[in-house]
Amino acid sequence: MSDPAPNAPQRDSGAYRLPAADRDFLLGDSMRGVRFLLEFTKADEVLRAWNIRSTIVVFGSARVAEDGPPDHARWYAEARRFAALASREGGALDQDGAPRENVIATGGGPGTMAAANRGAFDAGAPSIGFNISLPLEQEPNAWSTPELTFRFHYFAMRKMHLAMRANALVAFPGGFGTLDELFEILTLRQTGKMRTVPVILVDKPFWTDLIRFDLLVAHGLVSESDLDLIQFASDGEDAWRRLAGSLVAPRPDSRRNAPGRASVAAES
């Protein structure tokens, strides 16, 4: 057996590794900004390649199931129905090279997210899953388009991708995560950090029981006009009917934006 090369310690040292191949370096604190850039750029590049110019973001609980309690099963079915309608009629299907519009985008996980991705699948349209790495690993659902199934480490970058192409937000009943995403979009809209997009809350009795929007106005914590940011829908078909007229019409910036270009300035 030959003796190791005299420069083996030098060749094996971390300092000698190419930076792009040095996992310890790339995952260090100093490279956090670079990791942010990578998470933004990878998804952005893929979405451009798929000619996706705008999305409809669907939020809702990961805990509902098709065969769950009656309310859960109903919410699952309505999310699936909404996504199928939006995908068939909103411009997500291949249109001879024209940019895809109003493609369903979810957080990629189970429950309502799976229902919405499944509805797009039913319609033969692509859909996006913006998954997030969690301590108890989130698994992507089986219905998002595999090539459009992403995974993020940073919630902030995932939220940016959810917001920046959104033509609308449709929120079904959900827990902390759904509320977090809902109020993120409402805050961006209220502060002018995002262009005008409809926010539809499906199942008005649930939402008005959960959140006393009128109480916020009564105490002077939001303006009466801020409530105009929200619309309520009874079910998935009603939600699509409220959106269809404005979303299916040709968009005023359709000639200015290159295919895949972000149409929303969210925290840009």
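**Overview of the fold.** Helices (H or I, at least four residues) and strands (E, at least two) are DSSP runs, numbered from the N terminus. Counted that way, the protein has ten helices and seven strands. This is a predicted model, in which local features need pLDDT of at least 70 and side-chain atom pairs count only at pLDDT 80 or more, while totals for chains, interfaces and linings use all residues. Residues are numbered from 1 along each chain as its sequence is written, and side-chain values use heavy atoms, with hydrogens and water left out. The C-alpha trace of the protein spans about 75 × 50 × 40 Å along its principal axes. Of the 268 residues, 47% are buried (under 20% relative accessible area; exposed is over 50% and partly exposed in between, with a 1.4 Å probe and protein chains only). Taking contact as heavy atoms within 4.5 Å, 70% of the contacts with a separation of 6 or more join residues 24 or more positions apart.

**Confidence along the chain.** Here pLDDT is the predictor's confidence in each residue, from 0 to 100. The protein averages a pLDDT of 90, and 91% of the residues score at least 70. Over residues 249-268 the pLDDT is below 50, although this stretch has 46 contacts in the model beyond near neighbours in sequence. Where pLDDT is low, the predicted coordinates should not be read in detail.

**Strand S6 and its two partners.** Two strands pair if DSSP finds at least two bridges between them. Strand S5 (residues 166-171) runs parallel to S6 and is joined to it by three bridges, with Val170 opposite Ile200. Between these strands the chain passes through helix H7 (residues 176-190), and the β-α-β crossover is right-handed; that is, with the strands pointing away from the viewer, the path from the first strand over the helix to the second runs clockwise. S6 also pairs with strand S7 (residues 230-233), in the parallel sense and over four bridges, and here Val202 stands opposite Ala233.

Asp203 lies in the loop between S6 and helix H8 (204-210). Look at its backbone: the phi of Asp203 is near 85°, a positive value in a residue other than glycine. Asp203 is buried, with a relative accessible area of 8%.

Thr55 is in strand S1 (residues 55-59) and counts as buried because its relative accessibility is 3%. Beyond residues up to four places away in sequence, Thr55 touches Asn102, Val103, Ala105, Ile128, Leu162, Arg165, Ala166, Asn167 and Ala168. Asn102 itself lies in the loop between H4 and strand S2 (103-106), and at 0% relative accessibility Asn102 counts as buried. Asn102 has a positive phi of about 60° although it is not a glycine.

H4 (residues 70-89) has 20 residues and reaches 28 Å from its first C-alpha to its last, close to the 28 Å expected at 1.5 Å a residue (1.5 Å times one less than its number of residues). Its buried residues include Trp75, Tyr76, Phe82 and Leu85. Just after H4, Gly91 takes a positive phi of about 105°.

**Aromatic pairs.** Rings of Phe, Tyr and Trp (its six-membered ring) pair if their centres lie within 6.5 Å; planes under 30 degrees apart count as stacked, over 60 as edge-to-face and the rest as tilted. The count comes to eight aromatic pairs. Phe130 and Phe150 are stacked, because their ring centres are 5.7 Å apart and their planes are at 20°. Phe130 belongs to strand S3 (residues 127-132) and Phe150 to strand S4 (residues 149-152), so the pair ties together parts 20 residues apart in sequence. Phe130 is buried at a relative accessible area of 1%, and Phe150 is buried at 8%. Phe213 and Phe232 form an edge-to-face pair, since their centres are 6.4 Å apart and their planes at 65°. Ring pairs also link Trp75, Phe206 and Trp207 into a cluster.
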